[in-house]
Every structure is written in structure tokens, then in C-alpha cells.
Amino acid sequence: GMLAQQIRNGAPADVFFAANERFIKDLAAENLTLRQTHALYARGRIAMVSLRFGNIRIDDLTALADARIRRIAIANPQHAPYGLAARQALEAAGLWTTLEPKLVFGENVQQAVQFVRSGSAEAGLVARSVADTSDLRWKLVDAALHAPLDQMAVVLARTRQPAAAMSFI
């Protein structure tokens, strides 16, 4: 979301890879992309994480209600696609209201996972792509609990090298 705003404000870029296709669609509606270049490159997943060598094991979303878990890190759902997916999953599981007082918001998934790594949060809901590390234990969240995290790439309309930008995608 922050990168899309930077593009709106004239950030110099030829290609934009977005974690959520909504950002691409919004830029396209403002005529800031070359429509024929939109390309799906991945579908993201969210994962529940905790420290691998900690005493907290999270096998499903209901485990987040455990009293030993005082803080749960997620990316800010206001502008981060994975934070929005985490919120959707918690709402679909009927846990949002119960867990909301425990939530701490990172500006992005990297900051949310750092909260877990530093011990500032006992658990997190983050992108699967940042969860598979030697210091974290992770489990996928059921993808049916949130909207798809379709990740898109696009050539920006202001590029001076559209063929090279498309070739890069």
C-alpha cells in the first residue's frame, strides 16, 4: 500500500510487484499502469508463527486465545494485505473480538515477524514466505478463511522502456 502511494506521488519505477492485486487495480483505475501488462505471479498464504524454541505451539487459530499468549503480531490491516487477510481469518473463525485486545500492528509483515522474533509478541499471523526460518515454528492458516492474496506485477505507464519492463516481468 505504501509503495502504491509512492507511485501515485511520482516515485521513479518501471515495474511494480504488489502483494495484493487491489493495489494494481487501483493504480490502473488512475491510468498509472499499462493494462495489458498485468500478470499474476503468486498467491500468498498466511501462517501462524511462534518461536521454534519457545513454549508456545500454535496448531490452529483457537490456540491464539491461550492465556500465555499476551500479544499477537499482524501487519496493519489498514494498508497491508497480509494484515487484512489475518483480520479476515480471525473474523471468519469468530475470534477477532476475543483476540483484538492482544493484537499489535506492524507496518508490514517483516515488522510483525520481528515482533515475534524479539519476544515482543508470543505469536504472529504473517506471510508464509517470511515464516520459514530456523527460529520460527509455523502452521498455515486455512486459505478459505480469507480473500485470496493474489500477487500481481505490472509495468507502470510512465516507463520509458515498456518492452524491457515487460520482459523483466
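Colleague: Where does Gln 151 sit?
Modeller: Gln 151 lies in strand 8, residues 149–155. Strands here are DSSP runs of E, at least two residues, numbered from the N terminus. This is a predicted model, where local features need pLDDT of at least 70, side-chain atom pairs count only at pLDDT 80 or more, and totals for chains, interfaces and linings use all residues. Residues are numbered from 1 along each chain as its sequence is written, and side-chain values use heavy atoms, leaving out hydrogens and water.

Colleague: Is Gln 151 buried or exposed?
Modeller: Buried, at 11% relative accessible area. Buried means under 20%, exposed over 50%, partly exposed in between, with a 1.4 Å probe and protein chains only.

Colleague: What does Gln 151 touch?
Modeller: Beyond residues up to four places away in sequence, its contacts include Ala 18, Tyr 41 and Tyr 82. Contact means heavy atoms within 4.5 Å.

Colleague: New topic. Why is strand 6 largely enclosed?
Modeller: Because five of the five residues of strand 6, 123–127, are buried.

Colleague: Which way do strand 3 and strand 6 run?
Modeller: Antiparallel, joined by four bridges. Ile 46 has Ala 127 of strand 6 as its bridge partner. Two strands pair if DSSP finds at least two bridges between them.

Colleague: And strand 4 with strand 6, parallel or antiparallel?
Modeller: Parallel, with three bridges. Ala 73 stands opposite Gly 124 in strand 6.

Colleague: What does the side chain of Arg 137 reach?
Modeller: The backbone oxygen of Ile 56, at 2.9 Å. Arg 137 is in strand 7, residues 136–140.

Note on methods:
Polar contact = N/O pair within 3.5 Å; in protein donor to acceptor, adjacent residues only side chain to side chain.
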